[in-house]
Amino acid sequence: MHSLKQQILEGRDMSLKSTQSRYGSVALTIHWLSAILIVIALATGFRTASTVDPAAKAQLLTIHVPIAILVTLLTVARLLWWLFIDQKPDPVAGAPNWQQSSAKVVHWLFYVVILGMAASGAGMFILSDAGAIVFGNETSPLPEFENYKPRIPHGIGARFMVLLLVAHIGAALYHHFIKRDGLLARMWFKGTDQ
């Protein structure tokens, strides 16, 4: 009989780790939590950029910034999980090489864009000293973020993230409804190995 520690380390019974045919619960939790938080970060970010009222903009930033920090931390956790602890399941049987390559490229682009947006967002906050206004007791008006160079890659990254999400969701729906190859099922918490 294996101890609980051995079961967790080996990914047995508790399915914390991925198998050859499906993702484990840790990878799934990171994936779906990240997805929800990315959508919230994008929505609040785009809304902040289009809002003129300084008080409303500051209020949106009190949501946007902590969510963006969580997305960054989850992304780092995901990278560490894949690099040192878990392995990704095998590609879906019969998937052409170009689909497998495209999926890898999209996933790596997600990581690059998320980390780039975190860096540019932090750069804007540091250069503009907006942190003291949004999260501190500073009563000054918010700075115009357009005046800071990190704003450009941050805005480009947000738009590129939307394109990546559309491609990612489109591919998942294609596999689920057209190919019917079980790809989406292995990205959910329940189901059997295929």
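Is Phe 84 buried or exposed? Phe 84 is exposed, because its relative accessible area is 65%, and exposed means over 50%, buried under 20%, partly exposed in between (1.4 Å probe, protein chains only). A quick note before the views: this is a predicted model, where local features need pLDDT of at least 70 and side-chain atom pairs count only at pLDDT 80 or more, while totals for chains, interfaces and linings use all residues. Residues are numbered from 1 along each chain as its sequence is written, and side-chain values use heavy atoms, with hydrogens and water left out.

**View 1. Phe 84 and the nonpolar patch on the surface.** Helix 3 (residues 54–85) gives the most here, with five residues. Patch members have over 30% relative accessible area and no salt bridge; like charges are joined within 9 Å, and nonpolar side chains (Val, Leu, Ile, Met, Phe, Trp, Tyr) within 5 Å. A salt bridge is a side-chain nitrogen of Lys or Arg within 4 Å of a carboxyl oxygen of Asp or Glu. Helices (H or I, at least four residues) are DSSP runs numbered from the N terminus.

**View 2. His 31 and its contacts.** Look for His 31 in helix 2 (residues 25–50). His 31 counts as buried because its relative accessible area is 14%. Leaving out residues up to four places away in sequence, it touches Arg 78, His 168 and Met 187 (contact: heavy atoms within 4.5 Å).

**View 3. The largest pocket.** Its volume is about 1,300 Å³. Of the 44 lining residues, Tyr 23, Ala 103, His 107, His 168 and Leu 183 lie nearest the centre. Helix 2, helix 3, helix 4 (97–128) and helix 6 (151–179) each give two or more residues to the lining, and helix 4 has the largest share, twelve residues. A pocket is an open set of points on a 1 Å grid over the protein atoms alone, where a 1.4 Å probe fits, with protein on both sides within 12 Å along at least five of seven lines; lining residues have an atom within 4 Å of a point.

**View 4. Asp 129, with its positive phi.** Asp 129 isn't a glycine, yet its phi is about 60°. You'll find Asp 129 in the loop between helix 4 and helix 5 (130–135), and it is exposed, at 51% relative accessible area.

Definitions and conventions
Accessible areas come from the Shrake-Rupley method with a 1.4 Å probe; for residues, only the protein chains shown count as cover. Grid points are joined across faces, edges and corners, and a volume is the space filled by probe spheres set on the points.
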